[in-house]
Amino acid sequence: MQKRTVDFSKTEQVHLVQTADLNGAGRLFGGVLLKLIDEVAAIVAMRHTGRKSVTTVAIDNLNFKAAAYNNDLIVLIGYLTYTGRTSMEVRVDTYVERIDGMRMPINRAHIVMVALDEEGHPTQVPGLILENDIQEEEFRMGEKRKALRLERQKGGF
């Protein structure tokens, strides 16, 4: 199975926040943002694996840093940080893009995805080609997050 670069599957999606996306306080619903994050993570995983069937296994980290409001443009950028045998960790950063093009971070998430074969069983994924120090560090951090997830599972979490 041929390894792929981080940039091979990197995905950027833009969403215009509309009234139906808002909660009672006039801010973007966390659940709406979570749906968009999960969608971007799935697209990254599908591109990396070349498979239409991937599934979310865990949301390892989801940090809300700031709000988004009606008519804001939010930009979601997803890319792989780690691959195991059947699993992949996708980092999705979300920004509000101002009219002048400046982007302000509002969320960061790490999503664990698994590729599925035709019978719905986990299947091997391509490895990741790391092209710089930042990607190597993100991969190491992904390994640490995986170890922590496995440790939490032992404790029933």
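**Reading the salt bridges**

Tutor: Start with R103, which is partly exposed at a relative accessible area of 32%; that label covers values between buried (under 20% relative accessible area) and exposed (over 50%), with a 1.4 Å probe and protein chains only. This is a predicted model, where local features need pLDDT of at least 70, side-chain atom pairs count only at pLDDT 80 or more, and totals for chains, interfaces and linings use all residues. Residues are numbered from 1 along each chain as its sequence is written, and side-chain values use heavy atoms, leaving out hydrogens and water.

Student: What counts as a salt bridge?

Tutor: Side chains of opposite charge can pair when their charged atoms come close. The rule asks for a side-chain nitrogen of Lys or Arg within 4 Å of a carboxyl oxygen of Asp or Glu.

Student: How many salt bridges does that rule give?

Tutor: The count is 14. R103 pairs with E12, N to O at 3.0 Å. Strand β6 (residues 103–115) holds R103 and strand β2 (residues 11–16) holds E12, 91 residues apart; strands are DSSP runs of E, at least two residues, numbered from the N terminus. R103 also meets E97 at 2.9 Å, N to O.

Student: Is E12 buried or partly exposed?

Tutor: E12 is partly exposed, at 47% relative accessibility. E97 is partly exposed too, at 23%.

Student: Which residues are joined into one network?

Tutor: Salt bridges with shared partners link D60, E89, R145, R149 and R152.

Technical notes
Helices (H or I, at least four residues) and strands (E, at least two) are DSSP runs, numbered from the N terminus.
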